Amino acid sequence: MNRFSMWFANLMRGRYGTDDLNRFLLIVAVIFIVLDIFLRMRIIDLLIVALLIYTYCRMFSRNINTRYRENQKFLQLVSRFRRRSAGGGFGGGSGGGANGWNAGNAAAGKDRAHKVLRCPGCGEKLRVPKGAGKINITCPHCGTKFIKKV
C-alpha cells in the first residue's frame, strides 16, 4: 500500500485536486445515478458521464489558478442561496456544521434580539436592539448622529 500511496502522491503533485465544486458535482452525479436506476433514460447516462469527466478533468488539471477562480465563483453563488434561505443554510438550523458549510451564518443567527445597521458616516457596523421603535443613534467610531426605526 505504501508504494501505491507514493505513486499517487507523485501523480497528484502540481495538480489541482478536489474542492467544494468537485464535491458538489460528484454529489449531483450520485443523485443522477440513483435517478437513473429508476428512470433508465439515455440522456441521464450521458449527463452522468459528462459530469464525471468534467470533475476528473478539474481534479487532474495543472491550471490551478483557473480552477481556483471557478471554485470561488461557485462559492459566491452558493453563499447567495445560503443568505436567502430562512434556516441559514442547507442543514436547516442556524449552527455551523463540522465541515464549515454554515460557518458564515452561525454568528448571525444567534442574536435575534438585536439588529445590525451601518453608520452612514463611516460605514461601521452598529448593533442596536430590535423593537425599540425610532431611536437616535450616535456612532461610537465617527460620532455621526442619525435616527433609525428598528
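1. Basis of the values. The model is predicted, and local features need pLDDT of at least 70, side-chain atom pairs count only at pLDDT 80 or more, and totals for chains, interfaces and linings use all residues. Residues are numbered from 1 along each chain as its sequence is written, and side-chain values use heavy atoms, with hydrogens and water left out.

2. Overall make-up. The protein has five helices and four strands, where helices (H or I, at least four residues) and strands (E, at least two) are DSSP runs numbered from the N terminus. Read from that end, the order of the elements is α-α-α-α-α-β-β-β-β. Of the 150 residues, 23% are buried, the classes being buried (under 20% relative accessible area), exposed (over 50%) and partly exposed (in between), with a 1.4 Å probe and protein chains only. The accessible surface (Shrake-Rupley method, 1.4 Å probe; for residues, only the protein chains shown count as cover) comes to about 11,100 Å², and 60% of this belongs to carbon and sulfur atoms. Among contacts (heavy atoms within 4.5 Å) between residues at least 6 apart in sequence, 33% join residues at least 24 apart.

3. Helix α3. The 18 residues of this helix, residues 42-59, should span 26 Å at 1.5 Å a residue, and the end C-alpha atoms are 26 Å apart, which agrees; the expected span is 1.5 Å times one less than the number of residues. Its buried residues are Ile-44, Ile-48, Leu-51, Thr-55, Arg-58 and Met-59. They cover an arc of only 100° around the axis, which puts them on the same side of α3, the arc being that of the directions from the helix axis to the C-beta atoms. These buried residues pack against α1 (2-12), α2 (20-39) and α4 (64-84), whereas the face turned away from the buried side carries the exposed residues Arg-42, Ile-43, Leu-46 and Ile-53.

4. Nonpolar patch. A nonpolar surface patch of about 950 Å² includes Val-30, Ile-33, Phe-38, Met-41, Ile-43 and Leu-46 among its residues. Patches are made of residues with over 30% relative accessible area and no salt bridge, with like charges joined within 9 Å and nonpolar side chains (Val, Leu, Ile, Met, Phe, Trp, Tyr) within 5 Å. Helix α2 gives the largest share, seven residues, and one of the patch residues, Ile-33, lies in that helix and counts as partly exposed at 37% relative accessibility.

5. Salt bridges. The count comes to four salt bridges, each defined as a side-chain nitrogen of Lys or Arg within 4 Å of a carboxyl oxygen of Asp or Glu. Asp-20 and Arg-23 meet in one of them at 2.8 Å, N to O, and, being three residues apart in helix α2, are separated by about one helical turn. Both are partly exposed, Asp-20 at 29% relative accessibility and Arg-23 with a relative accessible area of 44%.

6. The network. Asp-19, Arg-58, Arg-67 and Glu-70 are linked in a network of salt bridges. Arg-58 is buried, with a relative accessible area of 1%, while Glu-70 is partly exposed at 23%. Glu-70 also forms a salt bridge with Arg-67, the closest N and O atoms being 3.1 Å apart, and Arg-67 is buried at 14% relative accessible area.
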